[in-house]
Amino acid sequence: MKNAKFSGGGLVYSTESGRMCPVCRQPVAQCSCKAQAAAAAAKPSDGVVRVSRETKGRAGKGVTVIKGVPLDALALAQLAKTLKVACGSGGTVKDGVIEIQGDHAELLVERLKTHGWVVKRAGG
């Protein structure tokens, strides 16, 4: 069975325009496939920021997870930094989700409410 996305032999390089996109067969500089895929992958937000605690996949160590923050990647990283400083712990931003080490849900809910967002505590 053939993969619909990559149908047999296609042009991958052209001496005139360089690398070619295997999906839309346009030069990579003019390719719109990645932009369309990124737009399709972005989940529509319901406007609620959710704060929960997770331990799955972290050897029993708990992290506080913040999902649904309506910011771009750079602003999300800056927000994560200020929240980590407020909690006095480490953390990261992965796929639009902020992870803060430790159980700081109550503090983070209050901090996020000061930004004017609707914040809910999710999970147990």
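View 1. Glu54 is partly exposed, at 27% relative accessibility. In this predicted model, the side chain of Glu54 meets that of Lys67 in a salt bridge, 3.8 Å from N to O. Glu54 belongs to strand E3 and Lys67 to strand E4, so the pair ties together parts that are 13 residues apart in sequence. Lys67 is partly exposed too, with a relative accessible area of 38%. Opposite charges can pair in this way when the charged atoms of the side chains come close.

**View 2. Strand E4 pairs with E3 and with E6.** Strand E3 (residues 48-54) runs antiparallel to E4, and 5 bridges join them. Within this pairing, Arg50 stands opposite Lys67. E4 also pairs with E6, again in the antiparallel sense, over 4 bridges. How enclosed is strand E4 (residues 63-67)? Of its 5 residues, 4 are buried, so the strand is largely enclosed by the rest of the structure.

**View 3. Glu99 sits buried in strand E6.** Glu99 lies in E6, which covers residues 97-101. Is Glu99 buried or exposed? Its relative accessibility is 12%, under the 20% cut-off, so Glu99 counts as buried. Beyond its neighbours within four places in sequence, Glu99 is in contact with Arg58, Thr64, Val65, Gly90, Gly91, Thr92 and Lys94.

**View 4. Arg53 reaches Asp103 in a salt bridge.** The two side chains meet at 3.7 Å, N to O. Arg53 lies in strand E3, while Asp103 lies in the loop between E6 and helix H3 (105-113), so the contact ties together parts that are 50 residues apart in sequence. Both ends are partly exposed: Arg53 at 43% relative accessibility, Asp103 at 45%.

**View 5. Glu106 and Arg121 link helix H3 to strand E7.** The closest N and O atoms of this salt bridge are 2.9 Å apart. The pair links distant parts of the chain, with Glu106 in helix H3 and Arg121 in strand E7 (residues 118-121), 15 residues apart. Glu106 counts as exposed, at 52% relative accessibility. Arg121 is partly exposed, with a relative accessible area of 35%. How many salt bridges does a search of the whole structure find? The search finds 3.

How values were computed: Residues numbered from 1 in each chain as written. Predicted model: local features only at pLDDT ≥ 70, side-chain atom pairs only at ≥ 80, totals over all residues. Heavy atoms only, no water. Helix = DSSP H or I, 4+ residues; strand = E, 2+ residues; numbered from the N terminus. Buried < 20%, exposed > 50% of the residue type's maximum accessible area, 1.4 Å probe, protein only. Contact = heavy atoms within 4.5 Å. Pairing = 2+ DSSP bridges. Salt bridge = Lys/Arg side-chain N within 4 Å of Asp/Glu carboxyl O.
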